[in-house]
Amino acid sequence: MTETDDKMRAFAEQVFASETKDENIRDEISMFDVADDCPILHHEMAHHLHTDDDKRGKATPAAIEHWEVDTPTYLEVPDFQRVAIIGDYASGVTMDDFELSCKGLYRALTIREKYMRLAFQRFPRTASKYLRDIDGEPFKPDDQLQPVFTPPPKNGEDPFDTKNLPKNLGYVARMKDGVIYVYNDTAAADKHQPKDLPCPDYATFIDDMNFLIALIAQGPTKTYTHRRLKFLMSKFNVHEMLNEMEEMKELKMNPHRDFYNCRKVDTHIHAAACMNQKHLLRFIKKSYRVDADRVVHNLKGKEVTMKELFQSLNLHPYDLTVDSLDVHAGRQTFQRFDKFNAKYNPVGASELRDLYLKTENHISGEYFATIIKEVATDLEEAKYQYAEPRLSIYGCNPNEWTKLSSWFVKHRVFSPNLKWMIQVPRIYDIFRGRNFVPHFGKMLENIFLPVYQATIDPQSNPELSIFLKHVTGFDSVDDESKHSGHMFSTKSPKPEEWDIVKNPSYTYYIYYMYANIAKLNQLRRERGMNTFTFRPHCGEAGAVTHLLACFMTADNISHGLNLKKSPVLQYLYFLSQLPIAMSPLSNNSLFLEYAKNPLLEFHKKGLVVSLSTDDPMQFHYTKVRALADIPSNVESCELCYILWQQCKFSRGEAHFLGANYLKEGPEGNDIRKTNVAQIRMAYRHETLCYELNLIKEGLKAE
């Protein structure tokens, strides 16, 4: 007993010593429970990453030189350890429930594919191949239509040149039941004989939506998708544990490229807040020094200089600080979208917002254009950073497009590192309450008819035609948590009949925006013009049906937080690889605490998520464009690559992504340009194929 007690005592002392860090005891080598400064661990990692004896991923200097000269645009996938489950396909549910779930998921994917094709938006080739296989039809790559992009101007080419605009087609465009129709001439318009520009009608959209609503509430499908999502999460964790070192090895052996010189795009950023607070403050002080005596504002019918304007506000720019500017969104804006909108007013003064952050004001938006060009200069100097700022079209009157494009051309707000999005605020109720528009149909007409007319006859409005070349898509924005009280159904009034002072539902907005964009894209593609993607704010708050409507209609979305509430929709977003631009810092100040943000969870499961800033002026203190606890360079570079899947930046330029960038999986990845490990790309592609194959096998079993 004494001997045993002595041994126990010695062991206890050892444990106590290790707890007080007098002695480190370990039973196995693990990078998770070994001190960071452990020299043995460093030696083992260095040996693993740089050894010349590893035949699976060996790369000699000669091989690296060969990559740069005459190799394929992607490397062969190194051997890696794969996670496999052997057994039936039911995944813990009965075979009947499995077959029922597969049938519903299949139809849901075909619905999205149909809507994407009609609007010339993106749908993954991998999913299309499986759907054609299920249908028993051959897959035709030509059927995979892509958006049409405006190529960047060549050296010496003027991006504002209007000499080569297409001629007038002589068509007539008119709105009927909330949708713009195009006719060959006035006589055809009077008889309502439109050109063949197909688009799902109202009844078809309602029918498809009702099916999806029933699907996401279906018990067996919820159980099945929940289990698949849990499996995807576990599978990634095991893959990462087994292959993390090999993935890092790929990146370390990739010459010249790292996270800092991977191209990054901010796909969700609002132009009125694209600068940080310090930038705005510095510009206000500089403009006051230079233009103190310049007439810059109309105050109560009287023209005033900048000095007089600041005096009327009892301010002096010299005394301003970032704190007194008060544009940062903090705890006081949480769940208070109204207070957040007020943060766009520097020092709480709408006069300063009008002067510095508007395109229409007494100085024709000169200061706003200058600030944006300074932001663009910062991006160009960084070389590898790009952005797609959003500008607003409200639908109050049809002249908004003319004024916006005039501002763009007059101040030459062009940069090779910027493309533009058009955001449409869902604030019809405010416009109707002030009698700006007689009904909702007029608002839609003001938003879309000028674009149709500029497409039919570009010479009629050359400035707008030039501006539209640099526009990549449309967005729908507002506080999603506001409930309209309207149920979108076949009994809903047509837009021309919606003349009440009440906002339509989110889905009502989404359908009519999609329908007009789809027809517009078909017309523009016929003319060889660039098309537009539909990329609304969605799933930040409000009902889960918002995400359902955008699953049907949107090329990609912003936020998507509420996907965690619906396993069926979350799984469908994964299967269709629908991109989601997430903004954890923005959500932290408005709707969801940072620690609870599902970005990393979605990323692990294989959803196509990326980081974006939303509003740097409100959420960021420095030039850093986004922030999240990304665990490694492998994840960081993968998120950057996903950004390029969402944006419309020079998609045809091989020197950005590689010649095969349209292909999916490792075949389309050029690690020399993207710095995304081929092992990671292979894992993602094989996992997606496995899940799609489950649906295929489930339908075969039926």
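These notes go through the fold, the core and the charged pairs of a predicted model.

1. Ground rules. In this predicted model, local features need pLDDT of at least 70, side-chain atom pairs count only at pLDDT 80 or more, and totals for chains, interfaces and linings use all residues. Residues are numbered from 1 along each chain as its sequence is written, and side-chain values use heavy atoms, leaving out hydrogens and water.

2. Overall fold. The protein has 28 helices and 13 strands. These are DSSP runs, numbered from the N terminus: helices (H or I) of at least four residues, strands (E) of at least two. Of the 702 residues, 54% are buried. Buried means under 20% relative accessible area, exposed over 50%, and partly exposed in between (1.4 Å probe, protein chains only).

3. Core. The largest nonpolar core has 153 residues. Such a core is a set of buried Ala, Val, Leu, Ile, Met, Phe, Trp, Tyr and Cys residues joined through side-chain atoms within 4.5 Å. Helix H19 (residues 506-526) gives the largest share, 13 residues.

4. Arg 122 forms a salt bridge with Asp 555; their closest N and O atoms are 2.7 Å apart. A salt bridge puts a side-chain nitrogen of Lys or Arg within 4 Å of a carboxyl oxygen of Asp or Glu. The two residues are 433 residues apart in the chain. Arg 122 is buried at 11% relative accessibility, and Asp 555 is buried at 2%.

5. A strand-to-strand pair. Arg 390 forms a salt bridge with Asp 475, at 2.6 Å between the closest N and O atoms. Arg 390 is in strand E6 and Asp 475 in strand E8, so the pair ties together parts 85 residues apart in sequence.
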